[in-house]
Amino acid sequence: MAKLFLGIESSCDDTAAAVVSSDGEILSSIVVDQGALHAAFGGVVPEIAARAHTEKLDIAVETALEQARTSLSQIDAIAVTAGPGLIGGVLSGVMCAQGIATGTGKPLIGVNHLAGHALTPRLTDGVVFPYLMLLVSGGHCQLLIVRGPNEFHRLGGTIDDAPGEAFDKTARALGLGQPGGPVVERAAKSGAPNRFRFPRPLLDRPGCDMSFSGLKTALIRERDSLITARNGLTEQDRADLCAGFQTAVADVLAQKTARAVELYLEDAPAKPVIAVAGGVAANSAIRASLKTIAQYQGLQFVAPPLALCTDNAAMIAWAGVELDRIGHKGLDPLIARPRWPLDDQQPALIGSGKKGAKA
Ligand code: KG4
Ligand code: ZN
């Protein structure tokens with residue numbers, strides 16, 4: 001009989017709880033967004049996030065149980081994000097989950113947030129191991145070969161800003177709103193991608209590591225010289241800057257992904273798949289360039305629905321299901337970890353970012 005897993009996620013600025021069954025049915029997925037609390041500060045404030053998680057976690061759990069038409073007594077196990085992320089938020093979730101586990105006597109599984117993202121294509125599309133995963137969000141950027149629920153090989157990642165972070169900083173530099181991704185994408189639609197020539201950092205180097213902070217600096221330099229020359233920016237200037245920036249990000253992601261595909265294909269997977277996750281996967285220009293690479297190199301392209309690409313607790317519950325299935329107890333001892341690389345054989349990525357540790 002299928003087991004029921006309660007998932008809890010609070011590693012960044014979303015308080016989330018979900019109930020998922022071991023046969024892959026999402027019975028509920030509640031995400032309480034904190035956007036409004038941080039809007040005035042232009043980024044996530046860790047202390048505000050942690051306090052808001054503490055206030056919202058129990059209501060998120062109650063609502064998730066209610067919507068799933070179940071109760072704690074029917075839950076078989078609890079899976080909680082134990083890192084990486086903003087430590088105050090991770091701690092709030094771990095404490096809440098430990099409280100529930102102690103009170104009910106149910107098993108508790110400490111899950112890696114990145115593993116949650118990386119295993120989502122199995123929940124949504126039944127993808128088989130090994131597959132290639134590009135995780136691109138406001139806090140993360142990694143290319144991984146996913147070989148098992150607890151077996152990840154990191155081929156590369158950002159050494160500074162995550163792509164979503166670069167979109168957010170670009171929007172801020174141009175006086176557009178937050179989050180930056182959707183507004184920059186909208187502005188880019190009426191822009192000329194070739195008016196400004198932005199750099200493609202690290203493409204001249206071998207390997208799959210990426211860098212996005214220089215791109216944002218180049219954009220600020222172009223903005224400043226336009227302002228000096230003409231006393232301000234026109235709508236068209238903004239659109240052209242956005243289009244140039246977005247094309248550069250898409251190019252870097254596509255070319256580094258193409259390199260990763262070659263390495264992945266050395267594994268000779270029976271059904272080669274590339275999957276994406278993270279908020280930046282919503283960008284249609286980026287999606288299109290990844291799809292082209294997939295088609296060209298003969299891979300199936302999998303993009304889970306956006307609500308499961310961005311931070312949520314269904315992916316944490318599902319990672320719990322996957323670990324439980326192989327008899328893995330999760331992080332032991334269960335502590336909150338600000339940094340927790342999925343692949344500890346690889347050297348640490350530098351950069352910690354506004355949304356917590358990169359890995
Ligand atoms: O995965 P996510 O919801 O949260 C975390 O980063 O944890 O991703 C949010 C990020 C933000 O930086 C946002 O600007 C970016 O994803 N984003 C986009 C788009 N929609 C959201 N970036 C580019 N194009 C988009 N359409
Ligand atoms: Zn995330």
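Student: Why does Arg69 count as exposed in this predicted model?

Tutor: The relative accessibility of Arg69 is 78%. Exposed means over 50%, so Arg69 counts as exposed. Arg69 is found in the loop between α2 (46–67) and β4.

Student: What makes the phi of Arg69 worth a remark?

Tutor: Phi of Arg69 is near 50 degrees, which is a positive value in a residue other than glycine. Leu202 also has a positive phi, of about 70 degrees, although Leu202 is not a glycine.

Student: Is Leu202 buried or exposed, and how do you know?

Tutor: Leu202 has a relative accessibility of 13%. Buried means under 20%, so Leu202 counts as buried. The place of Leu202 is in the loop between α6 and α7 (213–230).

Student: Why is Glu185 called buried?

Tutor: The relative accessible area of Glu185 is 14%. The cut-off for buried is under 20%, and Glu185 is therefore buried. Glu185 is found in helix α6 (residues 180–188). Leaving aside residues up to four places away in sequence, Glu185 touches Gln246, Ala282, Asn283, Ser284 and Ala285.

Student: What makes Val273 count as buried?

Tutor: Val273 stands at 3% relative accessibility; with buried set at under 20%, Val273 counts as buried. Val273 lies in strand β9 (residues 273–277). Not counting residues up to four places away in sequence, Val273 touches several residues, among them Val127, Tyr131 and Leu299.

Student: Which residues coordinate the zinc ion (ligand 2)?

Tutor: The zinc ion (ligand 2) is coordinated by His113 (NE2), His117 (NE2) and Asp311 (OD), at 2.1 to 2.2 Å. A donor atom has to lie within 2.8 Å of the metal, so these atoms qualify as donors. In sequence the donor residues are spaced H-x3-H-x193-D. The pair of His113 and Asp311 links distant parts of the chain, 198 residues apart. His113 is in helix α4 (residues 113–125), and Asp311 is in the loop between α10 (306–309) and α11 (314–325). Both His113 and Asp311 are buried.

Student: Why are α4 and α11 called roughly perpendicular to each other?

Tutor: α4 and α11 pack at an angle of about 80 degrees, and their axes are 8 Å apart. Angles of 65 to 115 degrees count as roughly perpendicular, and α4 and α11 are therefore described in that way. Residues of α4 that meet α11 include His113, His117 and Leu123, while those of α11 include Ala314, Trp318 and Arg325. By class, this contact has seven nonpolar, four polar and three charged residues.

Student: Where are cis peptide bonds found?

Tutor: The peptide bond from Gly83 to Pro84 is cis, with omega near -10 degrees. The bond from Phe129 to Pro130 is cis, with omega near -10 degrees. Pro84 is placed in the loop between β4 (77–83) and α3 (87–104), and Pro130 lies in the loop between α4 and β6 (131–136).

Student: How many helices and strands does the protein chain have, and how do you know how compact it is?

Tutor: The protein chain has 11 helices and 10 strands. Its radius of gyration is 20 Å, close to the 21 Å that the globule rule gives for 359 residues, so the chain is as compact as a globular protein of that length. Of the 359 residues, 56% count as buried.

How values were computed:
Residues are numbered from 1 along each chain as its sequence is written. Chains are lettered from A and ligands numbered from 1 in the order in which they are written. This is a predicted model: local features need pLDDT of at least 70, side-chain atom pairs count only at pLDDT 80 or more; totals for chains, interfaces and linings use all residues. Side-chain values use heavy atoms; hydrogens and water are left out. Donors are N, O and S atoms within 2.8 Å of the metal (3.2 Å for Na, K and Ca); water is not among the atoms, so sites may look incomplete. Helices (H or I, at least four residues) and strands (E, at least two) are DSSP runs, numbered from the N terminus. Buried means under 20% relative accessible area, exposed over 50%, partly exposed in between (1.4 Å probe, protein chains only). Axes are lines fitted to C-alpha atoms, for helices over the stretch in contact, and angles run from 0 to 180 degrees between N-to-C directions. Angles under 35 degrees count as roughly parallel, over 145 as roughly antiparallel, 65 to 115 as roughly perpendicular and the rest as oblique. Contact means heavy atoms within 4.5 Å. Ala, Val, Leu, Ile, Met, Phe, Trp, Tyr, Cys and Pro count as nonpolar, Asp, Glu, Lys and Arg as charged, and the others, Gly among them, as polar. The radius of gyration is taken over C-alpha atoms; the globule rule is 2.2 Å times the number of residues to the power 0.38.
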